[in-house]
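Please keep the sequence and the structure in view while reading.

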Amino acid sequence: MDGGEDSATVRGQDTATAPPAVARRPPLTGRVHYLLGGTLPPTYNAWISQDLTAPGWRTRQAARPFVLMLPFAVVFALLPGELAVRAATVAFLLVAGAGLGFATSGFFRNRRLEQHGLPPVIPPHEDEDDE
């Protein structure tokens with residue numbers, strides 16, 4: 001091995017495709033604001049891009065409506081009534097939240113990317129007639 005070579009090049013990796021530096025993560029209050037649909041400052045764009053495009057993005061997007069539905073599920077669980085009715089209501093709320101999260105994850109991913117000034121992953125379809 002030549003002493004002047006980069007360690008990534010020595011291992012046979014191209015330095016141009018080396019993984020990027022770790023994205024700066026927002027504080028807890030910023031993550032909660034982001035979870036609720038808020039916009040973060042541009043300093044967190046690398047973290048936002050990683051959150052919305054890295055493996056597991058669909059699960060993270062689907063978890064957002066599920067988490068937002070949790071307070072309502074707790075309220076319905078604490079209401080008086082038969083246990084079976086309360087359990088069914090809570091289960092419906094949580095399953096519906098997760099299902100809607102998975103069903104709309106692609107749309108909301110593009111919306112969140114555009115909201116932060118990043119290019120959308122899937123180009124929006126234009127409704128045009130082929131006349």
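Aspartate 51 is buried, with a relative accessible area of 8%, where buried means under 20% relative accessible area, exposed means over 50%, and partly exposed lies in between, for a 1.4 Å probe and protein chains only. This is a predicted model, in which local features need pLDDT of at least 70 and side-chain atom pairs count only at pLDDT 80 or more, while totals for chains, interfaces and linings use all residues. Residues are numbered from 1 along each chain as its sequence is written, and side-chain values use heavy atoms, with hydrogens and water left out.

A search of the whole structure finds two salt bridges, a salt bridge being a side-chain nitrogen of Lys or Arg within 4 Å of a carboxyl oxygen of Asp or Glu. They are listed here.

| Salt bridge | N to O distance |
|---|---|
| Aspartate 51 and arginine 60 | 2.9 Å |
| Arginine 64 and aspartate 51 | 2.6 Å |

Arginine 64 lies in helix H4 (residues 57-78) and aspartate 51 in helix H3 (residues 45-53), so the pair ties together parts that are 13 residues apart in sequence. Through shared partners, the salt bridges join Asp51, Arg60 and Arg64 into one network. Arginine 64 is buried, as is aspartate 51, whereas arginine 60 counts as partly exposed at 30% relative accessibility.

Turning to the chain as a whole, the protein chain has five helices and zero strands, both being DSSP runs numbered from the N terminus, with at least four residues (H or I) for a helix and at least two (E) for a strand. Buried residues make up 24% of the 131 residues in the protein chain. Its accessible surface comes to about 9,300 Å², of which 64% belongs to carbon and sulfur atoms; such areas come from the Shrake-Rupley method with a 1.4 Å probe, and for residues only the protein chains shown count as cover. Among contacts (heavy atoms within 4.5 Å) between residues at least 6 apart in sequence, 49% join residues at least 24 apart.

Which residues of H3 are buried? In H3, the buried residues are Asn45, Trp47, Ile48, Asp51 and Leu52. They cover an arc of only 160 degrees around the axis, which puts them on the same side of H3, the arc being that of the directions from the helix axis to the C-beta atoms. The buried residues of H3 pack against H2, H4 and H5.

The largest nonpolar core has nine residues in all, namely Ala23, Tyr34, Leu40, Tyr44, Trp47, Ile48, Leu52, Leu113 and Leu118. The largest share of this core, three residues, comes from H3. A nonpolar core is a set of buried Ala, Val, Leu, Ile, Met, Phe, Trp, Tyr and Cys residues joined through side-chain atoms within 4.5 Å. Leaving aside residues up to four places away in sequence, isoleucine 48 touches Tyr34, Leu40, His116 and Leu118.

Serine 105 lies in helix H5 (residues 83-115) and is buried, with a relative accessible area of 1%. Not counting residues up to four places away in sequence, serine 105 touches Trp57, Arg58 and Gln61.

Leucine 36, which lies in the loop between helix H2 (28-35) and H3, is exposed, with a relative accessible area of 59%.
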